[in-house]
Amino acid sequence: MLGGHLLIVLVVLWTSLVVSKPVQFSKKVAVMDEKDKIVGYTSHVFFRDDETAYPTPPVMPVPPMNTNSRIMAALQMQFPVGSPNITKAETCTWTADSNLVHHFEDTVYEPTNDICSLSPGEYTWIVTSDYQISIGKFPNTYEFTSKHANLALMRTGYVAGELAIIPATPNSKAMKGWNLLSGTYSIPISESQNPNDPMAYLENVLYPKMNAVFSLLPCAPTLKYGGENEFFPDLLPSARYIQGMCADNYYVQYENALTWKSDGSSVCVMNNPNATCVVV
C-alpha cells in the first residue's frame with residue numbers, strides 16, 4: 001500500500017515536471033537599414049511555459065538624483081517654476097529621424113548626473129523640473145534608450161541637448177562639446193516663444209542660461225558650445241546593431257512593436273511591416 005502511494009506521488013511529480021517544462025519558441029525578426037529597407041532576417045529564440053504566457057514587462061527605471069547642490073541651485077535660478085517647458089507623458093515616444101518608438105521602460109541612464117565625470121563618447125542630456133541633469137549615452141543616431149523624452153521619464157523638461165566627451169590626442173586637448181539641439185524640448189520650446197524666429201529664444205535665452213550653469217562646473221574650461229555637426233558625426237546604426245536591438249527588445253518579442261508607421265500612427269501594440277524593426 002505504501003509503495004502504491006509512493007508510485008502515485010512520483011507520477012504526480014513527474015507529470016508536473018513535464019507540464020512545467022518551458023517550451024521553445026522562435027520569432028522571425030526583419031532586419032532593416034537606416035532607410036527602412038529590409039536587409040535580412042534573423043530568428044530570436046525564447047522560452048515560455050506556453051505560447052500565451054508572457055513574461056513581466058520591463059520595470060520603469062529610476063532617474064539618478066545626484067546632481068550637485070550648487071548646480072541644482074543655479075538651475076533653479078535660471079529656470080524658476082513657470083518657465084517655458086514641455087511634458088511628455090506618452091507611454092512610448094515617436095522619433096521622426098528613425099521612425100523608432102522608444103518606450104519609457106527602455107530608458108538607460110548614466111549613473112551620474114555629473115558631466116565632468118563622463119567617459120569619452122556621445123550623450124544626450126536634459127534639465128527637468130526637479131532640477132536634475134539626466135544623462136544617457138548613445139552609440140549612434142538612433143539614440144535608443146537615451147532619447148530626451150526617455151531621460152525626462154514624464155518629468156517636465158526645461159531644456160535639453162547633446163554632449164560629446166572628446167579625449168585628448170597628441171595634437172589636441174580634451175574637450176567637452178555641447179549643444180541645445182532637442183527636437184522634443186529645446187527647439188519646440190524656442191518655437192513657442194517666437195514663431196517668427198524659431199531659434200531666437202534658444203540662442204538668446206536658453207544658451208545664456210545653460211552657459212551660466214555650466215560655467216560653474218570644475219570642467220568648465222574644457223566645455224565648448226557648438227552646433228549639431230561640429231561634434232556629432234552622423235553615426236548610422238549597423239544592420240547588426242538593429243538586429244540585436246530588435247531581437248532583444250521586449251516590445252518586439254511580445255507586442256510586435258518597436259516603431260511607428262510613416263503616417264505617425266502608433267504601432268505600440270500593432271504589427272507594422274514598414275517599420276525599422278518588426279516581427280514577421
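User: In this predicted model, buried means under 20% relative accessible area. Is Gln132 buried or exposed?

Analyst: Gln132 is found in the loop between E6 and strand E7 (133–137). Its relative accessible area is 3%. The cut-off for buried is under 20%, so Gln132 is buried.

User: Which side chain makes a polar contact with the side chain of Gln132?

Analyst: Leaving aside neighbours within four places in sequence, Gln132 is in contact with several residues, including Pro64, Met65, Asn66, Thr67 and Arg155. The Gln132 side chain reaches the backbone nitrogen of Asn66 at 3.4 Å. The side-chain partner, at 2.7 Å, is Thr67.

User: How many aromatic pairs does a search of the whole structure find, and how is the pair of Trp125 and Phe214 classed?

Analyst: The search finds seven aromatic pairs. For Trp125 and Phe214, the ring centres are 5.6 Å apart and the planes stand at 70°. An angle over 60 degrees is classed as edge-to-face, so the pair of Trp125 and Phe214 is edge-to-face.

User: How many residues apart are Trp125 and Phe214?

Analyst: Trp125 belongs to strand E6 (residues 121–128), and Phe214 to helix H5 (residues 200–214). Trp125 is buried at 0% relative accessible area, and Phe214 is buried at 2%. The pair links distant parts of the chain, and the separation is 89 residues.

User: What is the angle between the ring planes of Trp178 and Phe214, and which parts does the pair tie together?

Analyst: The ring centres of Trp178 and Phe214 are 4.8 Å apart and the pair is edge-to-face, because the planes are at 90°. Trp178 lies in strand E9 (residues 175–178) and Phe214 in helix H5, so the pair ties together parts 36 residues apart in sequence. Both Trp178 and Phe214 are buried. The angle is 90°, and the parts are strand E9 and helix H5.

Key
Residues numbered from 1 in each chain as written. Predicted model: local features only at pLDDT ≥ 70, side-chain atom pairs only at ≥ 80, totals over all residues. Heavy atoms only, no water. Phe/Tyr/Trp six-rings, centres within 6.5 Å; stacked < 30°, edge-to-face > 60°. Helix = DSSP H or I, 4+ residues; strand = E, 2+ residues; numbered from the N terminus. Buried < 20%, exposed > 50% of the residue type's maximum accessible area, 1.4 Å probe, protein only. Polar contact = N/O pair within 3.5 Å; in protein donor to acceptor, adjacent residues only side chain to side chain. Contact = heavy atoms within 4.5 Å.
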